[in-house]
Number of protein chains: 2
Amino acid sequence: MPEDEEFNVTPWSVTGKVDYTKLMEKFGTQPIDLSLTSRIQEITGSEPHFMLRRGIFFTHRDLGWLLDQYASGNPFYLYTGRGPSDHTHIGHLVPWIFTRWLQEKFHVKLIFQLTDDEKFLFNDNLDLEKTHSLALDNALDIISLGFSEKDTEILIDSDNASILYPNALKIAKKITLSTVRASFGFEMDANIGMAFYTSIQAVPAVLESIRLGHNIPCLIPYGIDQDPHFRIARDVLPKLGYLKPASIMSIFIPPLSGVEGKMSSSDPNYAIFVTDSENTVRKKINKYAFSGGKTSVEEHKKFGGDPDIDVSYQWLRIMFEPDDTKLKKIREDYISGSLLSGELKAILIERVNKFLKRHQELREKAKDRLHLYLTSSHK
Amino acid sequence: MPEDEEFNVTPWSVTGKVDYTKLMEKFGTQPIDLSLTSRIQEITGSEPHFMLRRGIFFTHRDLGWLLDQYASGNPFYLYTGRGPSDHTHIGHLVPWIFTRWLQEKFHVKLIFQLTDDEKFLFNDNLDLEKTHSLALDNALDIISLGFSEKDTEILIDSDNASILYPNALKIAKKITLSTVRASFGFEMDANIGMAFYTSIQAVPAVLESIRLGHNIPCLIPYGIDQDPHFRIARDVLPKLGYLKPASIMSIFIPPLSGVEGKMSSSDPNYAIFVTDSENTVRKKINKYAFSGGKTSVEEHKKFGGDPDIDVSYQWLRIMFEPDDTKLKKIREDYISGSLLSGELKAILIERVNKFLKRHQELREKAKDRLHLYLTSSHK
């Protein structure tokens with residue numbers, strides 16, 4: 001992290017306590033305000049998803065334009081992705097759950113890119129066979145979230161080079177080494193695959209336009225750390241005659257250790273994986289979840305806890321308590337001191353385990369349906 | 001061209017009068033000596049090709065090792081390539097004719113890579129559709145030279161990304177931006193596709209090993225300007241468990257304008273294209289072929305001409321007069337002054353047009369057989 005900054009966000013690491021207002025300014029994105037969420041409600045006829053209401057998805061580019069297009073009969077498609085470097089953890093699920101809601105409410109197609117090439121190129125310890133097998137593994141978690149079989153295409157990069165590479169070439173020709181160095185902070189010891197890679201990540205943003213033979217808008221939901229890729233894509237794609245993709249970006253789900261950085265597989269104690277057992281979840285949360293409570297029960301009851309730095313509360317807010325009324329009561333009880341840290345953790349443990357029990361069942365069932373989602377079967 | 005050098009050789013341009021001895025030193029390659037040509041004669045039972053006898057193919061890496069392997073029952077395969085930026089000219093045919101001879105004498109497989117991706121990435125004025133269609137066009141010239149249908153695979157990059165890209169990733173991971181900057185002289189305004197490209201050109205050097213599941217030696221014949229690519233490949237491939245490819249490299253066929261640089265499509269007056277008419281060939285050679293003769297017939301008869309700077313003589317030596325005795329007589333007559341420049345040009349014109357007449361007929365017939373050579377039909 002540069003010394004003059006309190007936080008640093010790149011596609012490969014997030015450090016420090018992220019100031020999302022500053023990040024919007026730095027990246028040049030727009031806040032999602034009430035007029036936009038109202039417009040979504042008006043078009044979909046549904047209450048905006050709690051992740052919108054609570055600012056989990058907090059910023060965007062061209063979302064108003066996209067909604068106007070949709071309302072006037074020009075639909076869009078969704079594109080999101082995942083770099084398969086390990087098993088899925090619950091931090092990954094946040095944008096996926098929201099993306100699934102968007103698909104359901106707008107009745108649109110989704111391309112889900114699994115970038116096994118990226119994770120291979122950027123990790124010394126992973127070979128391509130491993131990242132490819134992780135892509136197939138992670139795909140099960142995507143399917144388990146209920147994405148429409150008919151409208152969802154899971155595209156694994158190394159399996160679909162015949163689609164990706166020729167189109168990536170056209171994008172790559174418009175991107176200089178200077179640009180990727182400035183955008184991603186590469187030094188000259190970066191490998192040449194890393195430099196080329198962003199052009200592969202740009203392809204799904206125009207793939208439906210290529211297939212249809214005419215431009216169709218694209219909306220990309222993603223964690224804000226992926227923004228450098230899509231800033232470049234928005235700069236380059238119009239030069240090739242395509243539309244700029246619109247985007248909607250989320251904050252990060254914090255690790256158990258505290259509300260700094262983002263949950264990461266490289267700190268497995270501080271992440272909950274979708275494959276974790278009930279017991280593991282209980283132990284991790286009880287042992288590691290940073291608490292905003294006081295050090296003794298007496299003090300806590302007297303002065304109350306701070307939900308804004310309490311990871312258990314934040315996880316409920318970001319993902320595990322969709323009901324605003326219930327969340328509000330938890331918050332108030334915690335602040336007042338009537339809800340103890342241990343009790344708050346118990347609520348979270350119950351929610352996480354309930355979610356994972358169902359997810360793990362669906363994940364088993366997804367194995368037989370995987371082939372129905374993969375690009376190779378689609379085309 | 002750097003000011004302190006008399007010539008400069010990169011995969012994209014050759015300038016100045018090339019000193020091939022200096023180039024061998026600079027690139028670290030070995031000369032082809034009599035012991036090597038004798039060994040080839042011994043193994044193949046054929047007189048070495050005139051391009052070997054005359055030093056047109058003049059340098060190599062690990063050719064002795066490759067021949068030893070072959071003699072002890074471990075065969076190799078051939079790999080060469082072409083960047084399809086225009087119609088084929090006769091300068092391109094020199095290494096192809098020699099490669100065909102190698103295939104015939106050693107009875108080995110050839111992978112011929114057509115790098116339409118490269119030519120797209122490196123040329124502002126070419127789109128990928130154009131370089132792809134030129135790849136198909138150039139393939140006809142390859143087929144016309146008589147390569148064995150059974151043992152020859154023509155691999156067009158943009159059609160075969162599913163083979164090339166996943167393997168190129170593994171190579172790319174081992175090559176830094178510093179390496180390609182130093183090897184190819186890229187500046188930071190180079191596009192990211194240019195930086196990545198060398199990993200694509202390395203794949204055919206190991207593709208047969210990948211397919212067979214065990215290492216098989218590879219011999220790459222090429223014009224010496226491609227050497228930076230294969231120096232990198234030889235450095236990287238052993239790190240991935242592959243053999244270093246062996247190589248055999250040719251000098252350049254000079255443009256009509258004189259024995260500097262190399263024949264190039266970008267100076268079409270100074271190149272003979274395989275599609276040129278009899279009349280065009282006659283006009284180009286008569287008008288542009290740099291002569292080593294004297295300015296008047298009288299002077300020429302008195303002092304004689306210089307074959308070493310005479311392009312017509314050089315073209316006969318490099319490609320169009322396989323018979324050493326006939327070539328020697330032409331050389332002696334020219335030096336003595338009994339053979340005039342116009343007469344020398346007439347010999348060349350007759351040879352070139354005879355070659356092209358047959359080539360153009362074969363080229364027409366090759367159209368129906370193209371599909372038999374393309375990788376997509378092979379695999």
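Let's begin inside chain B: Met319(B) is found in helix H15 of chain B. (Helices are DSSP runs of H or I with at least four residues, strands are runs of E with at least two, and both are numbered from the N terminus.) Met319(B) is buried, with a relative accessible area of 7%. Here "buried" means under 20% relative accessible area, "exposed" means over 50%, and "partly exposed" covers what lies in between, using a 1.4 Å probe and protein chains only.

What does Met319(B) touch, if residues up to four places away in sequence are not counted? Its partners are Phe50(B), Ile90(B), Leu93(B), Val94(B), Ile97(B) and Phe355(B), where contact means heavy atoms within 4.5 Å. Ile248(B) is 71 residues away from Met319(B) in sequence, and their C-alpha atoms are 17 Å apart in space.

A quick word on the ground rules. This is a predicted model, in which local features need pLDDT of at least 70 and side-chain atom pairs count only at pLDDT 80 or more, while totals for chains, interfaces and linings use all residues. Residues are numbered from 1 along each chain as its sequence is written, chains are lettered from A and ligands numbered from 1 in the order in which they are written, and side-chain values use heavy atoms, leaving out hydrogens and water.

Helix H15 also turns up as a neighbour of another helix, H17 of chain B. H17(B) covers residues 341-366, which makes 26 residues, and spans 36 Å from its first C-alpha to its last. That is close to the 38 Å expected at 1.5 Å a residue, the expected span being 1.5 Å times one less than the number of residues. The buried residues of H17(B) include Leu344(B), Leu348(B), Val352(B), Leu356(B) and His359(B). An α-helix has 3.6 residues a turn, so residues three or four places apart point the same way. What do the buried residues of H17(B) pack against? Besides helix H15 (311-320), they meet helix H7 (128-144), helix H13 (278-288), helix H14 (297-303) and helix H16 (324-336) of chain B.

Elsewhere in chain B, Asn167(B) has its place in helix H8 (residues 161-172). Asn167(B) is buried too, at 16% relative accessible area. Setting aside neighbours within four places in sequence, Asn167(B) is in contact with Val203(B) and Ile210(B).

Now for the two chains together. Turn chain A by 180 degrees, with a shift of 0.0 Å along the axis, and it can be laid on chain B with an RMSD of 0.0 Å. The same surface serves both: 100% of the contact residues of chain A recur in chain B.

Chain A itself is divided into domain 1 (7-257) and domain 2 (268-365), with bounds that come from an automatic or database domain assignment. Their C-alpha centres lie 28 Å apart. The contact between them takes 25 residues from domain 1 and 29 residues from domain 2 of chain A.

Next, the rings. How many aromatic pairs are there over all chains? The count comes to 42. Rings of Phe, Tyr and Trp (its six-membered ring) pair if their centres lie within 6.5 Å; planes under 30 degrees apart count as stacked, over 60 as edge-to-face and the rest as tilted.

| Pair | Centre to centre | Angle between planes |
|---|---|---|
| Tyr20(A) and Phe252(A) | 6.0 Å | 50 degrees |
| Phe122(A) and Phe186(A) | 6.1 Å | 40 degrees |

Tyr20(A) lies in helix H1 (residues 20-27) and Phe252(A) in the loop between strand S9 (246-250) and helix H13 (278-288) of chain A, so this pair ties together parts 232 residues apart in sequence. Both Tyr20(A) and Phe252(A) are buried. Phe122(A) is buried at 18% relative accessible area, and Phe186(A) is buried at 7%. Ring pairs link Phe122(A) and Phe186(A) with Trp12(A), Phe184(A) and Tyr197(A) into a cluster.

Finally, His107(A) has a positive phi of about 55 degrees although it is not a glycine. His107(A) lies in the loop between helix H5 (90-106) and strand S6 (110-114) of chain A, and is exposed, with a relative accessible area of 64%.

Conventions: Least-squares fit on C-alpha atoms with pLDDT ≥ 70 in both.
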